[in-house]
Every structure is written in C-alpha cells, then in structure tokens.
Amino acid sequence: MIGKKKIIDSRKLTGYLFLILPVLIYSIFFIAPNVSALYNSFFQWNGLSSEKPFVGLDNFKKLFGDRVFRMAFVNTIKYTVTLVIFQTLFGFILAILVYKESRVHNVFRTIYFLPAIMATTTVGLIWGFIYDPNFGALNEFLRIIGLSALRKSWLSDEKIVIYAITAVHVWIGIGQSVVLFIAGLQNVPIELYESASLDGASAWKQLIHITIPLIRSTTVIVLVLTTIGGFKAFDFVYVMTNGGATHTSEVLSTLLYKEAYAYSDVGLSSAISVVLLLVVSIITFIQLFAMRKKD
C-alpha cells in the first residue's frame, strides 16, 4: 500500500516538474508584460526618466476623450469585423472544396496556404504597390477590363482604406482558416453523409444539418483566432499607411506603438494595451460561452 502511494506521488511530482517550464515561459512572456502594462497605465512616464508620477485613471480619461483614440477604436472594430466575416466565410468555402484527399486538392491546399508563410512586411510593401493609384496593378487591371470608373486611391480614400488593408490580411490569413476547417471536416464521420444520401437529403441539407453543426468547435476556434488577429493588427497598417496622415486608417496597435516610441508616453501606451486586452478577452469569452451553451 505504501509502495503504491509512493508511485502515485512520484508520478504527480513528475507531472508538476513537466509543467514548470511551460508555466514559467507563460508567466515571463504573457503574465508579466500584462501586469507591467497595467501598472504603468497608472503613471505618467516616458520610459527612461527616473521620475514617474502617479496619475491614477487620468491616462484612461485622456484616452476616451481623445478623438484619435476613438477613430482608432472604430477602425479596429471595422477591421476585425471585416476580417472575421470574410476570412471565416472564404476559409470554410475553400475547405469544403478541397478537404477530400486527392492530388489535385493537395496542390490547391498548398496554394491557399502559401501566402501565410510570407513575411507580412514584404506582403504589405507588395500590396502597397498594387494599390498605387497611378501605376498600381489593381487600377491598371480595372482600366483594361473597362471598369475605369471603379479605380480608386485605395490607401488614401478614408472611406475604403481600412477595408483595402483588411483585404490583404484576409488574403494572407485565409490559409490558416482553410487548414483548420479541413481538420474539422475530415473528422465528420462519412457514414452520416452516406445515410443522409440514402434518405434523399440534398448536398445543401447535408451541409446545413450535418457539416456545420459537427464542425462548430472548429468554427469557434477560427472565430477566436481571427478576432484576436484583427485586434492585434499592426504590420499591414504600419507598412502600408502608418495610420494615414489624418489617422483615417489608424488602429489601436499602431496608436499604441506611436504613443510609446514616437511620443514617449509609456503610461498612455500602456492604457491602450489594457483597453485592447480587456476588449479581446471579453469578446473571446462571449464566443467561447456561446459555443458551450449551444453544445
């Protein structure tokens, strides 16, 4: 009996030892920076000075009274909603088309995923040239096919710039959604489709009543990852417009960066990061809660 207890205790100890490294890494790279940001948000500090006066909630009051912050917040919401809708929808459609095993499907899977392995900075620069109003490929293509009326200054028109940048993010991120949806689709038992076909169910009914319900957990994972990606958006905005001269394409991440490194206001920058973390956490919690409730 004592020997059995020792074996169980040693197994528990081994399990705890294996957990030490992941917990340590998580604490250093996630918990510690967030705690530091929360702490700094209550101070007025330039990041270098020894003087660090406590200002309480003044940084948050300043944020919500700032027009640029409100613009960046609205732009981030637009960016995220557009990204979630199109990356999830197109990822699902493409996955439906290529999830079955075949050489042709494998080729298309590779093509869909290729943009995801490209450096985001390089992609941003390339699309910046594509969107150029004077010699860009997009406007030239529209002219060739007789749609010159649709030519735009894609990155300077305040009505469409945020959507033009989001389109690039959709293009590069769609491969991730396709891979996740393929994994979910391949776990759906083939027998269910065979039974439904014998009962006379059309492909559309099989999609609605079998496929979509059984990949709900995969869909939530895609939604959560895409939502986080939208709120974290920085690379494409920074490279393609840097927020725009009048902040028409400013998002929370680029504003956070500017406050910290251009204006040396670490306190205000930290307050933005706290707001960003809270918003993402709340939305993610709602998505996960909705999935559990349906299950």
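Reader: Where does T241 sit?
Author: This is a predicted model. In it, T241 is in the loop between α11 and α12, the latter being residues 252–262.

Reader: Is T241 buried or exposed?
Author: T241 is buried, because its relative accessible area is 17% and the cut-off for buried is under 20%.

Reader: And what does T241 touch?
Author: Leaving out residues up to four places away in sequence, T241 touches L155, V161, I165, F236 and S249.

Reader: What about M240, which residues is that one in contact with?
Author: With neighbours within four places in sequence set aside, M240 is in contact with G124, W127, G128, Y131, L155, I165 and V168.

Reader: How many residues are in the largest nonpolar core, and which have the most contacts inside it?
Author: The largest nonpolar core has 19 residues, and those with the most contacts inside it are Y79, Y131, I165, V168, F236 and M240. At least two residues of this core come from each of α3, α5 (120–130), α7 (161–185) and α11 (235–240). Seven residues, the largest share of the core, are supplied by α7. There is also a second, separate core of 18 residues, with Y99, V178, F181 and I210 among them.

Reader: Switching to the whole chain. How many helices and strands?
Author: The protein has 13 helices and zero strands.

Reader: What radius of gyration does the protein have?
Author: The value is 24 Å, whereas a compact globule of 295 residues would have one near 19 Å. The C-alpha trace spans about 85 × 70 × 30 Å along its principal axes.

Reader: What share of the residues count as buried?
Author: Of the 295 residues, 37% count as buried. The protein exposes about 18000 Å², with carbon and sulfur atoms supplying 68% of that area. As for contacts with a separation of 6 or more, residues 24 or more positions apart account for 66% of them.

Reader: Which residues form a nonpolar patch on the surface?
Author: The patch is formed by I77, V81, I85, F86, L89, F90, I93 and L97, and together they have about 680 Å² of accessible area. One of them, L89, lies in helix α3, residues 67–98. L89 is partly exposed, with a relative accessible area of 43%.

Reader: Electrostatics next. How many salt bridges?
Author: The structure holds three salt bridges. D265 forms one with K62, where the closest N and O atoms are 3.9 Å apart. D265 lies in the loop between α12 and α13 and K62 in helix α2 (residues 58–64), so this pair ties together parts that are 203 residues apart in sequence. D265 counts as buried at 16% relative accessibility.

Reader: And the other pairs?
Author: E140 forms a salt bridge with R143, the closest N and O atoms being 2.4 Å apart. Because E140 and R143 are three residues apart in helix α6 (residues 137–144), about one helical turn separates them. E140 is partly exposed at a relative accessible area of 32%, and R143 is partly exposed at 40%. E250 and K258 also meet through their side chains in a salt bridge, 2.8 Å from N to O. Both E250 and K258 are buried.

Conventions
Residues numbered from 1 in each chain as written. Predicted model: local features only at pLDDT ≥ 70, side-chain atom pairs only at ≥ 80, totals over all residues. Heavy atoms only, no water. Patch = residues over 30% accessible without salt bridge, like charges linked within 9 Å, V, L, I, M, F, W, Y side chains within 5 Å. Areas by Shrake-Rupley, 256 points an atom, 1.4 Å probe, with all protein chains shown as cover. Salt bridge = Lys/Arg side-chain N within 4 Å of Asp/Glu carboxyl O. Helix = DSSP H or I, 4+ residues; strand = E, 2+ residues; numbered from the N terminus. Buried < 20%, exposed > 50% of the residue type's maximum accessible area, 1.4 Å probe, protein only. Core = buried A, V, L, I, M, F, W, Y, C linked by side-chain atoms within 4.5 Å. Contact = heavy atoms within 4.5 Å. Rg over C-alpha atoms; globule rule 2.2 N^0.38 Å.
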